[in-house]
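Good morning, everyone, and thank you for making time for this. Please have a look at the sequence and the model while I talk us through some side-chain contacts.

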Amino acid sequence: MKKLLLVAAIMMATISAYAQHEPGSLTVQPRIGFSAADFNNTDDTKARVGLIVGPEFEYTLSNRFSLAAGINYSQQGAEIENIDVTYKSDYITVPITANFYVLKGLALKAGIQPGFNISAKMDTKSGDVKIDDDVKSLDFSIPVGLSYEFYNFVLDARYTFGLTKVFDQDKINLDSKNLTFQLTLGYKFTLF
């Protein structure tokens with residue numbers, strides 16, 4: 001009898017370990033956090049730390065899989081160390097991820113992310129210089145990361161790898177793409 005109860009308890013623990021929101025449910029998660037953005041192919045830059053904020057919607061397909069899409073305001077760019085200049089590029093990003101739940105609350109994420117540049121400037125000692133015309137308006141990235149949900153609070157860590165060049169090569173001769181680390185905290189509300 002004890003063995004039967006032990007087997008039943010292990011089976012219940014295994015089933016509940018993968019239980020998430022009900023399949024067919026839709027949640028919304030307002031999120032806020034910070035981003036540390038830099039450019040690839042550069043030796044003299046360091047990360048620009050900024051804000052990321054926005055909602056993410058998640059549709060649960062099964063106990064282990066879900067799809068999510070969000071709309072974020074993301075501050076990106078980079079600081080150039082030698083000349084004390086900061087490139088400040090602000091984007092509206094639309095991350096679309098597939099989520100695989102490996103344990104209860106723990107998800108691995110990967111997907112695509114178009115980003116739309118809404119502001120670009122160089123912050124210099126003598127003031128700000130607008131460079132909106134020098135920065136490409138569309139930026140594609142691949143986000144990968146993981147998240148952990150505990151009592152509807154969600155801690156999410158992502159790294160996005162840029163696929164498109166940041167600058168218009170005819171205007172600024174930097175062959176760079178965005179690289180961004182993001183850490184956010186959110187809270188999930190079930191819509192249905």
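Before anything else, a word that I will need: a residue is called buried when its relative accessible area is under 20%, and exposed when that area is over 50%, with partly exposed in between. Keep in mind, too, that this is a predicted model.

With that cut-off in hand, we can say that D156 is buried and that R158 is buried as well. These two residues form a salt bridge, in which the closest N and O atoms are 2.9 Å apart. D156 also meets K109 in a salt bridge, at 3.7 Å from N to O, and this pair joins distant parts of the chain, since K109 sits in strand β7 and D156 in strand β10, 47 residues apart.

Which residues are linked in the network of salt bridges? They are R31, E56, K109, D156 and R158, and the structure as a whole holds 12 salt bridges.

Let me turn to the aromatic rings, of which the structure holds 10 pairs. In one of them, the rings of F65 and F100 have centres 5.2 Å apart and planes at 45°, so the pair is tilted. F65 belongs to strand β3 and F100 to strand β6, 35 residues apart. F65 is partly exposed at 43% relative accessible area, and F100 is also partly exposed, at 29%. Finally, F39, Y87 and F167 form one aromatic cluster.

Conventions
Residues numbered from 1 in each chain as written. Predicted model: local features only at pLDDT ≥ 70, side-chain atom pairs only at ≥ 80, totals over all residues. Heavy atoms only, no water. Phe/Tyr/Trp six-rings, centres within 6.5 Å; stacked < 30°, edge-to-face > 60°. Helix = DSSP H or I, 4+ residues; strand = E, 2+ residues; numbered from the N terminus. Buried < 20%, exposed > 50% of the residue type's maximum accessible area, 1.4 Å probe, protein only. Salt bridge = Lys/Arg side-chain N within 4 Å of Asp/Glu carboxyl O.
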